[in-house]
Structure formats: structure tokens, C-alpha cells
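Reader: Please show the model, and then take a few of its local features in turn.

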Amino acid sequence: MEENVETTKTPKEKRENRRPVCEKTVLHKAAHDGNLKAHRVKKKYKRLDCGKSFPESRVLIEHQRTYTGEKPFDCLECGKAFSQKGTLTSHQRIHSGEKLFKCLECGRSFSQSGTLQVHQRTHTGEKPFKCPECGKHFRSASNINSHQTTHSGKKPYKCLNCGKNFSQPSLLISHQRTHTDEKPYECLQCGKSFRYNSALHSHQRTHTGGKRFQYLECSKSFHQRYDLASHQRIHTGEKPFECLQCRKSYCLKISLKSHQRIHTEKNQCLDCGKNFRQKAALISHQRIHTGEKPFECLQCGKSFHLELSLKSHQRIHTGEKPFECLQCRKSFHLGMSLKSHQRIHTENNTFQCLDCGKSLAYL
């Protein structure tokens, strides 16, 4: 008769026999334990439409709201509604300014754990979301969803003010602020307001003084990596943004968008017949005909048609010369003065006097 011998496995053998329940990755041990518990709990409540099962009736009810569209939890501050109480709680931190989730790498804090998780990928370089159409990778699900609309070409969200269509509701909401002039994102340090959250973050770096991204060739620094990449194209001559209608290329995406309005929009001055890419440029131009000069210098009282002209003029009072020649380091008040000066360094861009034969950088 054989004896029943109980074999005891060593901790190492137990670890080797252990298999991951799923491929999900989480940031904290508490979330890991919660995920394991979800696998172990028997799922008794099943929705027949999609076949998905849940451990509690409460969770099934919450899931059903994705089909019914029911949003019973209202934010008392802004009136926005949510399908789950937890989502409402996370949203309310936007109004309270409470930011519980801190990045250990850079110290930046966030109101939602999901936003922190996406942010941390900027440090790790992780881009787990792959577009099946073109193979491009993205940090977040929202980014890949935005990108995939470029392949489908669908723009179902229409602005009732101007008729412009958008691929996402968030883009429509942001666009509508151009009509209402709403600027909901306020800088707590100087009170300046912005239409977009991204614009506020960019502005806030002007208070900290940190320009982390430096171009080694000319030592110029930038607040954002995108601005550095755009600046580099000035040196390389790269123009990756091409107009599909006339094949003209540009260094910046915003320059291409501005150009494309020539093909799609007609902003014509009724006084002289001149056409403009943007309606704002037409309005500025019309002041030449009306004589209106709404932008006044507070130091000397001189007035200007354009806000840009006022800013250029104010440098006379401040002594600021932001336009620097990379070859001789000479600085100028105006960008056009720098361009005129740069002809000194080139051989072919000079003008010759027909009377005395002398060559000049400008006439």
C-alpha cells in the first residue's frame, strides 16, 4: 500500500508555475490587486446584447448606460452630465483645482489618475496605441481616435455659426470659442485667459522662465519640443507640409492651413477688390480705407492700423531688438530690417545704382 505523501513546493517553484491572468499593466500595487480580484470573482450578471459579464448588478447597470445614453450624475458647477458617479467625482476636481495624482519624474500634478498615466508616457516614450491603417503609434486612446479620422475623412460635427465641419466634438467645442470669444483657461499668476488648455500650459512656462529645448547650432531655446522642431526647419530648409492643390510647401503646418484658405475662402475687400486668406486680415486692411487706427501707444500717443505695428513701434521705447542676424550677431527692432540687412552677407541679392554703379543691400 502506497503512502500519501504531500509534496511541498519551494517559493521559487511557486513563482515559476504562476501565470499572468491578463496582459493589463497598472501603475500601483492597489490597482494590481484590484485587477486580480476582478478575475477571481465570479461574474453572475450578464448583458445579453454584448455578452459581457459583471460580478455585481450595480456594475451591470453602469455598463448598460453606455447603450441607453443615460447620464444621471450632474455637475452642479457647469451642468455637464456623466454616466458614472466616479467620473463625476474626477470631473469636479477641475472646478476645485484639486490635483491628487503627482508625477514622480517632474513633479507635475493631475486631477485624474488616467491623465497622470498618459503623461508618464512622455517620460518613458511609451506609445502603446498603434494605428492599423498606417502603423503610427500614440500615447493615448484619444490621440489615436483623433488620428484615425484623418483616414476616414468623416467630419460629422458641424458649427451652426459658420458651417465648418469637424471630426470630433472636442474640436467643435474649441472652434466655437472663436465665435463666442470665450476663454475659460485662466493663468492664476497674471490673470491672462486662453481659449485652449494647451495654450495656457505654454504660457505658464513664461512665468517659470524654463526653456528646456535648445537648438545647439544657434543656441536658441524654446518652451516646447514642437517649437524647437519647427525652428530647426529654418536651418535645414525642410518644408514637409505640402498643399495638395498647388504643390506649394511650407515649414509650418499653420502656414499651410493659412495658405489653403486661398483655394477655399474668398475674403475680398469691396473698396479695392483685394483678396485675403483670412477674414481678420481683411478687417485689418479695411482700416486703410476708413482711416481707423484703434491701436494707440500709451507712451507717445501715436496710433496704428494694426496691433502688430503698435508692438513693433513699442520696441523703439523699450530698446528691444529681438531679430538677430546669425552671421554677424547684429540685432534689429523689426523682422523686415533683419531681412534687408541679411542681403549684405549674400552676393546676389543686391541692387545696383545705374548712375554710379554702387551696389546696395536695399533701395
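Reader: Which side chain makes a polar contact with the side chain of H91?

Author: The model is predicted, with local features needing pLDDT of at least 70 and side-chain atom pairs pLDDT 80 or more, while totals for chains, interfaces and linings use all residues. Numbering runs from 1 along each chain as its sequence is written, and side-chain values use heavy atoms, without hydrogens and water. A polar contact is a pair of N or O atoms within 3.5 Å; within protein, one must be able to donate a hydrogen and the other to accept it, and residues adjacent in sequence count only if both atoms are side-chain atoms. At 3.2 Å, the partner of H91 is the side chain of H95.

Reader: Is H91 buried or exposed?

Author: H91 sits in helix α4, residues 85–96 (a helix is a DSSP run of H or I, at least four residues, numbered from the N terminus). Buried means under 20% relative accessible area, exposed over 50%, and partly exposed in between, with a 1.4 Å probe and protein chains only. Because its relative accessibility is 8%, H91 counts as buried.

Reader: Which residues does V118 touch, not counting residues up to four places away in sequence?

Author: V118 belongs to helix α5, residues 113–124, and counts as partly exposed because its relative accessibility is 27%. V118 and S140 are 22 residues apart in sequence, yet their C-alpha atoms are 6.2 Å apart. With contact meaning heavy atoms within 4.5 Å, V118 touches R139 and S140.

Notes:
Helices (H or I, at least four residues) and strands (E, at least two) are DSSP runs, numbered from the N terminus.
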